[in-house]
Amino acid sequence: MTEKTTLQRMIDGELYHQTPELLELRFKARDLLQAYNRLDYRNLTERTRILKALLGKTGDGAFIELPFHTDYGFNVQLGDHFFANNNLTLLDAAPIIIGDDVLIAPNVGIYTAGHALDPDLRLKTGAEYAAPVKIGNNVWIGAGVTITPGVTIGDNTVIGAGSVVTKSIPANVLAFGNPCHVQRPFDERDKQVYFKERQVTQDYLDRLASGATFHR
């Protein structure tokens with residue numbers, strides 16, 4: 001059996017340390033990011049081309065506002081109709097797998113990477129590790145959210161602004177806080193009231209009843 005490369009140990013969640021090989025992979029990602037973040041905002045065709053070259057998978061209609069940052073890119077998988085606002089950071093030493101119809105607000109960080117807690121181990125060996133993050137379908141991540149290594153977020157869930165997500169969150173709930181925790185499941189009232197006491201208007205109830213799906 002051949003010895004694993006440092007890259008494979010990193011992806012598999014084993015201890016690893018930085019090497020020239022990993023640095024070069026990050027530089028290649030940054031070459032593409034530099035081009036992406038300098039694009040004219042209206043150049044949607046080139047945005048799509050660079051994202052497909054940079055990321056491991058981009059579904060139909062994936063859109064990421066400028067600026068955007070990722071470490072490696074090839075460990076990121078985006079589902080269909082993904083939308084992220086400004087200043088998204090994806091530290092993808094391990095896979096970041098995101099489902100369909102996910103919305104991400106500004107200044108969100110999704111992190112798979114960590115360093116050894118023991119100060120000697122960290123200083124003398126450079127020991128690092130990574131654990132994957134998985135986000136289900138139709139999830140909304142609010143502004144300024146931090147998602148830490150090893151977290152899974154279930155389908156349809158909303159993570160409130162400013163949350164620090166250190167543990168996995170189930171499907172179909174509103175969760176927020178530091179640390180983030182479940183506040184309540186969604187219910188029929190959420191189809192009637194969209195913010196505080198503001199009522200959903202009839203035209204949107206009609207859209208809901210039509211069964212159509214909205215895509216940006």
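A: Fine. Bear in mind that this is a predicted model. Helix H3 covers residues 44-54, and its buried residues are Arg 47, Ile 50, Leu 51 and Leu 54.

Q: How are the buried residues of H3 arranged, seen down the axis?

A: They fall within an arc of 100 degrees, so they line one face of H3. An α-helix has 3.6 residues a turn, so residues three or four places apart point the same way.

Q: OK, on to the core. How many residues are in the largest nonpolar core, and which have the most contacts inside it?

A: That core has 38 residues. Ile 64, Phe 68, Phe 82, Ile 110 and Ile 147 have the most contacts inside it. H2 and H3 each give two or more residues to this core, as do strands S4 (76-78), S6 (88-91), S7 (96-98), S12 (133-135) and S18.

Q: Take Phe 82. Which residues does it touch, leaving out those up to four places away in sequence?

A: Phe 82 touches Gly 61, Ala 62, Phe 63 and Ile 64, and also Leu 88, Ile 98, Val 102 and Ile 104.

Q: What about a second core?

A: There is a separate one of eight residues, with Tyr 16, Leu 22, Tyr 72 and Ala 94 among them.

Q: What's in the hairpin of S18 and S19?

A: Four residues lie between the two strands, and Gly 177 takes a positive phi near 120 degrees.

Q: Change of topic: where does Thr 6 lie, and is it buried or exposed?

A: Thr 6 is in helix H1, residues 6-11. Its relative accessible area is 11%, under the 20% cut-off, so Thr 6 counts as buried.

Q: What is Thr 6 in contact with?

A: Beyond its neighbours within four places in sequence, Thr 6 contacts Tyr 16, His 17, Thr 19, Glu 21 and Leu 22. The Thr 6 side chain also makes a polar contact with the side chain of Arg 9, at 3.2 Å.

Terms used: Residues are numbered from 1 along each chain as its sequence is written. This is a predicted model: local features need pLDDT of at least 70, side-chain atom pairs count only at pLDDT 80 or more; totals for chains, interfaces and linings use all residues. Side-chain values use heavy atoms; hydrogens and water are left out. Buried means under 20% relative accessible area, exposed over 50%, partly exposed in between (1.4 Å probe, protein chains only). A polar contact is a pair of N or O atoms within 3.5 Å; within protein, one must be able to donate a hydrogen and the other to accept it, and residues adjacent in sequence count only if both atoms are side-chain atoms. Contact means heavy atoms within 4.5 Å. Two strands pair if DSSP finds at least two bridges between them. The arc is that of the directions from the helix axis to the C-beta atoms. A nonpolar core is a set of buried Ala, Val, Leu, Ile, Met, Phe, Trp, Tyr and Cys residues joined through side-chain atoms within 4.5 Å.
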